[in-house]
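Subject: Structure for you to look at

Dear colleague,

I am handing over the structure below, and after it you will find my notes on what turned up when I went through it. Please read them with the coordinates open beside you.

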Amino acid sequence: MPATSLAELVANPYAKKKYLLILQPYDLVAAATTTVYLSGEGFVTSPTDTPANTYFEPRLVEPFSFSRSMFREGKLGGQSVPAFGQIVLTNADGGLDAFATYAWDGRAVELKVGEAGATYSNYFTIFKGQTKSIEFDDLYLNLLIRDDQADFTPQIQTTLYAGTGGTEGSANLAGTPKPLCFGEVYNVTPTL
């Protein structure tokens with residue numbers, strides 16, 4: 001009987017794990033987002049699944065390689081560093097050459113794991129993030145991925161000094177963000 005939870009699947013050392021990959025690149029030719037379904041050994045969803053009757057083409061060589069750092073190098077404390085990784089796909093037959101016509105930066109990627117023989121509903125999401133880019137070689141396609149942590153570190157101030165003088169600052173301030181101040185602030189040196 002297949003595992004009914006991710007914890008149960010991970011706890012079973014004898015479970016044969018299978019991986020499903022769902023990508024959503026932007027197709028530049030069709031000018032629309034497309035969904036690509038890939039797997040390690042091939043998989044077809046049932047008519048009652050969502051998505052129904054969908055074939056996951058067997059292309060995964062290395063389903064997941066990912067790292068995360070708790071702190072910036074040489075520092076203790078502070079925020080964790082956005083992580084990067086890769087997924088390796090086989091392309092010896094050129095079947096993924098069309099991926100070169102897709103836009104990949106910031107596109108959704110989801111990786112699921114399940115036990116051999118499990119239905120699609122018994123596959124569990126182990127990674128949701130974004131693609132960064134792709135790299136081709138003679139046999140493989142490396143899909144560079146990153147987690148969604150970058151979404152939580154947005155640029156707050158997007159207004160920059162023009163460097164034209166007056167309130168737009170001198171030429172040496174051109175392109176730097178204008179400071180923001182909220183509430184009472186002490187011991188701040190204003191920008192000249």
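A residue counts as buried here when its relative accessible area is under 20%, as exposed when that area is over 50%, and as partly exposed in between. Arg 59, at 6% relative accessibility, is therefore buried. Please keep in mind throughout that this is a predicted model.

To begin with the chain as a whole, its secondary structure comes to 1 helix and 10 strands, and the order from the N terminus is α-β-β-β-β-β-β-β-β-β-β. The protein chain has 192 residues, of which 31% are buried, and its accessible surface comes to about 11900 Å², with 55% of that belonging to carbon and sulfur atoms. Among the contacts between residues at least 6 apart in sequence, 51% join residues at least 24 apart.

Salt bridges come next, and the count is 7. Arg 59 takes part in a salt bridge with Glu 57, at 2.8 Å from N to O, and Glu 57 is partly exposed, with 29% relative accessibility. Asp 93 also forms a salt bridge with Arg 59, the closest N and O atoms again being 2.8 Å apart. This second pair links distant parts of the chain, since Asp 93 sits in the loop between β7 (84-90) and β8 (102-115) while Arg 59 sits in the loop between β5 (55-58) and β6 (60-66), 34 residues apart. Asp 93 has a relative accessible area of 58%, which means that it is exposed, whereas Arg 59 is buried.

Elsewhere, the side chains of Glu 41 and Lys 18 meet in a salt bridge with an N to O distance of 2.3 Å. This pair, too, links distant parts of the chain, with Glu 41 in the loop between β3 (36-39) and β4 (43-44) and Lys 18 in strand β1 (residues 17-27), 23 residues apart. Lys 18 has a relative accessible area of 19% and is therefore buried, and a network of salt bridges links Lys 16, Lys 18 and Glu 41.

As for the aromatic residues, the structure holds 8 aromatic pairs. In one of them, the ring centres of Phe 56 and Tyr 120 are 6.0 Å apart and the planes stand at 35°, so the pair is tilted. Phe 56 belongs to strand β5 and Tyr 120 to the loop between β8 and β9, so that the pair links distant parts of the chain, 64 residues apart. Phe 56 is buried at 0% relative accessible area, and Tyr 120 is buried at 9%. Tyr 102 and Trp 104 form another tilted aromatic pair, 6.0 Å centre to centre with 55° between the planes; Tyr 102 is buried at 16% relative accessibility, and Trp 104 is buried at 5%. One aromatic cluster is formed by Tyr 37, Phe 43, Phe 56, Tyr 120 and Tyr 123.

Thr 131 is found in strand β9 (residues 124-136) and is buried, with a relative accessible area of 0%. Leaving aside residues up to four places away in sequence, Thr 131 touches several residues, among them Leu 23, Trp 104, Val 109 and Ile 145. The C-alpha atoms of Thr 131 and Gln 86 are separated by 8.9 Å, although the two residues are 45 apart along the chain.

Terms used. Residues numbered from 1 in each chain as written. Predicted model: local features only at pLDDT ≥ 70, side-chain atom pairs only at ≥ 80, totals over all residues. Heavy atoms only, no water. Helix = DSSP H or I, 4+ residues; strand = E, 2+ residues; numbered from the N terminus. Buried < 20%, exposed > 50% of the residue type's maximum accessible area, 1.4 Å probe, protein only. Contact = heavy atoms within 4.5 Å. Areas by Shrake-Rupley, 256 points an atom, 1.4 Å probe, with all protein chains shown as cover. Salt bridge = Lys/Arg side-chain N within 4 Å of Asp/Glu carboxyl O. Phe/Tyr/Trp six-rings, centres within 6.5 Å; stacked < 30°, edge-to-face > 60°.
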